[in-house]
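Dear colleague,

I am handing over the structure below, together with its sequence, and the notes that follow set out what was found in it. Please read them with the model open beside you.

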Amino acid sequence: MNDTSTAHTTPVVPVMPVMPAPTVGTLQTPDARLYYEVRGQGPLVVLVGAPMDAAPFAGLADLLATDHTVLTTDPRGIHRSPLVDPDQDSTPQMRADDLSRLIAHLDAGPAVVLGSSGGAVSALALVQAHPEQVHTVIAHEPPLLELLEDPAYHRAQIDDIIATHLSGDVGGAWVKFLAHANIVMPESGDLGDDFAPTEPSPQEIADANYQNAHMLRPTTRWVPDVEALRRSTSRVLIGLGEDSGGQICERTSKALAAELGTEPTMFPGGHIGFAEDPAGFVVRFREVLAQG
């Protein structure tokens, strides 16, 4: 008879499913060639930023693609979505038209649209112009500075940030941007070796230049049609990160929610919580979808 009192069993480690690579495509519009990625099958979810491109949404997109069709895209003028005229501004209305064209191209709407930061402004412009294409919009921390108490002050701050960047003082512009947003970055020594500062790539430099020259001002000065959003047949939610307390996008998000007569819908993390911890973010995201 064998003595099994000291036998050990090897723990079973669950294997995470490997998601297939997204389907990549481009859509030609009269003034741009839009890069997009599609994952999964099921009801359509659109994840969009501005100036953020598709890449930071990949983790959340993979988790949602188990039961949704997930569309991510580079906004016009950024990374893989070049413009016919590279000196053309990128307005929320233009980006909303791009999203409308992409949703129609996939023939998979109406969509749930999660927009982050400038992408939240794009998403609000989309639901104003094309509510029939949007089931639910989650505008996560839209930087709508015109809704704050002293918009002239904020316009001047944004103009100064842009002028500083375009003068060649990129670092100085970034410091001013963070100060205006009231975002405190960790000291570089607290980040560890994996987060050591790196030189920006030529593409990152080009995207930052385009953001400052052509996207930041139109985005932050856009004014939503509150009455249209209130009357919309779409479900309109204003998302806010639990860790964004004191930041300017907490103020803009609460201001818009108050205009709409609602409270912000809270999500884990901060301004880009979906990218920093997609596994944690997706749980709350699914809860919100289930409530619709």
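The protein chain exposes about 14600 Å², of which carbon and sulfur atoms supply 55%; accessible areas come from the Shrake-Rupley method with a 1.4 Å probe, and for residues only the protein chains shown count as cover. This is a predicted model, in which local features need pLDDT of at least 70 and side-chain atom pairs count only at pLDDT 80 or more, while totals for chains, interfaces and linings use all residues. Residues are numbered from 1 along each chain as its sequence is written, and side-chain values use heavy atoms, with hydrogens and water left out.

Where pLDDT is low, the predicted coordinates should not be read in detail.

As to the overall make-up, the protein chain has ten helices and eight strands; these are DSSP runs numbered from the N terminus, with helices being H or I of at least four residues and strands E of at least two. Of the 292 residues in the protein chain, 47% are buried, where buried means under 20% relative accessible area, exposed over 50%, and partly exposed in between (1.4 Å probe, protein chains only). Among the contacts in the protein chain with a separation of 6 or more, 72% are between residues 24 or more positions apart.

Helix α3 (residues 118-129) has twelve residues and reaches 17 Å from its first C-alpha to its last, close to the 16 Å expected at 1.5 Å a residue, the expected span being 1.5 Å times one less than the number of residues. Ten of the twelve residues of α3 are buried, so the helix is largely enclosed by the rest of the structure; the buried residues include Gly-118, Ala-120, Val-121 and Leu-124.

The largest nonpolar core has 39 residues, and Val-46, Val-113 and Leu-124 touch the most other members; such a core is a set of buried Ala, Val, Leu, Ile, Met, Phe, Trp, Tyr and Cys residues joined through side-chain atoms within 4.5 Å. The largest share of this core, seven residues, comes from α3. Leaving aside neighbours within four places in sequence, Leu-124 is in contact with Ala-139, Pro-142, Leu-144, Trp-222, Leu-229, Val-236 and Leu-256. Apart from this core lies another, of 19 residues, among them Ala-61, Val-282, Val-288 and Leu-289.

Helix α5 (residues 170-181) also has twelve residues, which should span 16 Å at 1.5 Å a residue, and its end C-alpha atoms are 16 Å apart, which agrees. In α5, Gly-172, Ala-173, Leu-178, His-180 and Ala-181 are buried, and the buried residues of this helix pack against α4 (151-166) and α8 (248-260). Just after α5, Asn-182 takes a positive phi of about 60°.

Turning to the aromatic rings, those of Phe, Tyr and Trp (its six-membered ring) pair if their centres lie within 6.5 Å, and planes under 30 degrees apart count as stacked, over 60 as edge-to-face and the rest as tilted. By this rule the count comes to four aromatic pairs. Phe-267 and Phe-281 form a stacked pair, at 4.9 Å centre to centre with 15° between the planes. Phe-267 lies in strand β8 (residues 265-267) and Phe-281 in helix α10 (residues 278-290), so the pair ties together parts that are 14 residues apart in sequence. Both Phe-267 and Phe-281 are buried. Phe-274 and Phe-281 form an edge-to-face pair, at 6.1 Å centre to centre with 80° between the planes, and Phe-274 counts as buried at 1% relative accessibility. Phe-57, Phe-267, Phe-274 and Phe-281 form one aromatic cluster.

Lastly, Thr-72 lies in strand β4 (residues 69-73) and counts as buried at 0% relative accessibility. Not counting residues up to four places away in sequence, Thr-72 touches Tyr-35, Tyr-36, Glu-37, Arg-39, Leu-47, Ala-54, Phe-57 and Ala-61.

With best regards

How values were computed. Contact = heavy atoms within 4.5 Å.
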